[in-house]
Amino acid sequence: MIREPEREVWSVTELVQYLYDILDLDENLKKIWVEGEITNFSQHSKSRHMYFTLKDEQTAIDAVMFAGNNRRLRFTPKNGDRVLVRGYVSIYMKDGHLQLYVQDMRLSGIGDLYVAFQRLKEQLQAEGLFDVPKKKLPSFPRRVGVITSASGAAVRDIIVTMRRRLPMTPILLYPVSVQGEKAAKEIAEAIDHMNRLMEVDVLIVGRGGGSLEELWAFNEEIVARSIFRSVIPVVSAVGHETDVTISDFVADARAATPTAAAEMVVPHIAELHDRLTHLYKRLLYAQTSLMNRLKERLHKNVDRPIFTNPNARLYQYAQHVDSLEIRLQNAMGKLIEKKDRQLEQRVYRLTAFHPQRRVEKEAERLELLKRDANWHLRNLLKDKAKQYQHLLAKLDSLSPLKVMLRGYSLVYRHDGKTLVKSYRQAAPGDLIHVRLAEGQLKCQVWKSEETENE
Amino acid sequence: MSEPQKNSSLESLPFEEALKRLEEVVEILEKGDTPLEQAIQLFDEGMKLAHICGKKLEWAEQQVEMLVQENGEWVKKLFKVEEDSE
């Protein structure tokens, strides 16, 4: 069964929204280039938005360029201008009006240049020329190379600025045409030449402000490639603040103006003076504090007693030496004394044993002995004489004759030799001899008996 | 690079390198552990560098030359700029 499609009724809003969405989704309409002629141009006095119609022989379309975009235009559009615009198509929801929303606009003719610019930019970007790490600018170039017109304002600005900042930095100018047919080739050659010479540490490539056509050389591929090739760091300084060229993308640094480029490549002399003064002060301070530290250390050591009173230690030694000396002397004295004494003794003993002395002594003794002997002898003689006398007397007294004189007699046996002292020695009848003080008797015993009391 | 440099080579040192060397010398000395003899040498070198750098900064005359092709050869010519043209 074929069902009749349900009749759908849209609201105007729904329709306009639908169209809006369709246009919004169409990628082709998002970034389009359109060429046409301006009519019905007006600019709102307050908002500064621009409203106009873009037409060609057959048809027309309304267009709007908001202040945010048109502020950057380098010309004031007017009716009858042939222009190339870039933008997108959309619907103004308030009245369902289809409009071209213009983001950028160039006068036609240079529209081609603009397209070429975009194309080259994209191409070089794809090649990676903009992504290569940028070379660092020297902080103090020995010489600055400038590639620009010898007669333009740019070279003057650079020279004057550099003279103001760092006058001792020499400049080597490579004069080139900065506009016209030969400009790009000359600039590219100049950059290559400077790289062959290698007499400068940094290059400023640029020119003063001008129209897109006038700045065009700096959008040329050969210039971009020679900048890319350059071993010397390149500062791109083209036109004014708002001018952006391909050179700016490839260069190692982009300066808004030639003056700014000069400021970039050399420091201000005052900065260097400050830096130098600062370093000088630090140098002095570092050295002074090092010296002070060392001095302090030296003093600390010098102040020690060993240096302040060097003799103290000597005195100690001297005293020690003295005491040792005294002890030595004492010891020696004693030793000598002892030895002296010993010597004396020995000498004494020796003298004692001196032969002379001995002789004398012996002589003395001899004398003494002699005397003694004499004395003794005499005594002895005397004694002996006395003894003799005495003995003589005694002998005399003891003489049997004497005794016999007193009446005693001696009885001998017949033999005449044996003395009869006991009665037992003579038996009656025995012959005996009796000696008397005067003469003798020859007798015979008649009786022998023991005496009763005797 | 902490070895003291010879005097003769100091004079010929480009400003930037002289300044760099001066910085280096200052930094070494600021560490404060340099032996005295070396410190004196470095200080001497530093003072010379400071003097040389200062002298280079005093050089006030600007030299601007222009490369010109004459009879097929590149020569340098003095370039004069009219200052009061602005």
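Reader: At roughly what angle do the axes of H2(B) and helix H3 of chain B cross?

Author: In this predicted model, helix H3 covers residues 36-58 of chain B, and its axis and that of H2(B) come within 9 Å. H2(B) passes H3(B) in a left-handed crossing. The angle at which the two axes cross is roughly 150°.

Reader: How do the residues of the contact of H2(B) with H3(B) divide into nonpolar, polar and charged?

Author: On the side of H2(B), the contact includes Phe15(B), Leu19(B), Leu22(B) and Leu29(B). On the side of H3(B), Leu42(B), Phe43(B), Leu49(B) and Cys53(B) are among the residues that take part. Charged residues such as Arg21(B) and Lys56(B) also belong to this contact. The division is 14 nonpolar, one polar and three charged.

Reader: How many residues of the contact of H9(A) with H2(B) are nonpolar?

Author: H9(A) passes H2(B) in a left-handed crossing. From H9(A), the contact includes Leu272(A), Leu276(A), Leu279(A) and Leu283(A), and from H2(B) it includes Phe15(B), Leu22(B) and Val26(B). One polar and five charged residues also take part, and the number of nonpolar residues is 11.

Reader: Which three residues supply 17% of the area that chain A buries against chain B?

Author: The contact between the chains takes 43 residues from chain A and 41 residues from chain B. Together the chains bury about 3800 Å², with 67% of this area on carbon and sulfur atoms. The three residues that supply 17% of chain A's part, more than any other three, are Arg156(A), Leu276(A) and Leu283(A).

Reader: Which side chain of chain B meets Glu199(A) in a salt bridge?

Author: The structure holds 22 salt bridges over all chains. Between chain A and chain B the count is four. For Glu199(A), the N to O distance is 2.4 Å, and the partner is Lys76(B).

Reader: With which residue does Glu189(A) form a salt bridge?

Author: Glu189(A) lies in helix H5 of chain A, which covers residues 183-197. The closest N and O atoms are 3.4 Å apart, and the partner is Lys185(A).

Reader: Are H5(A) and H6(A) roughly parallel or roughly antiparallel to each other?

Author: Helix H6 covers residues 221-229 of chain A, and its axis lies 8 Å from that of H5(A). The contact includes Ile187(A) and Ile191(A) of H5(A) with Ile222(A) and Ile227(A) of H6(A). By class, it has seven nonpolar, one polar and three charged residues. The packing angle is about 10°, and H5(A) and H6(A) are therefore roughly parallel.

Notes:
Residues are numbered from 1 along each chain as its sequence is written. Chains are lettered from A and ligands numbered from 1 in the order in which they are written. This is a predicted model: local features need pLDDT of at least 70, side-chain atom pairs count only at pLDDT 80 or more; totals for chains, interfaces and linings use all residues. Side-chain values use heavy atoms; hydrogens and water are left out. A crossing is left-handed if the near helix is turned anticlockwise from the far one by less than a right angle, and right-handed if clockwise. Helices (H or I, at least four residues) and strands (E, at least two) are DSSP runs, numbered from the N terminus. Contact means heavy atoms within 4.5 Å. Buried area is the accessible area (1.4 Å probe) that two parts lose on being put together, summed over both. Axes are lines fitted to C-alpha atoms, for helices over the stretch in contact, and angles run from 0 to 180 degrees between N-to-C directions. Angles under 35 degrees count as roughly parallel, over 145 as roughly antiparallel, 65 to 115 as roughly perpendicular and the rest as oblique.
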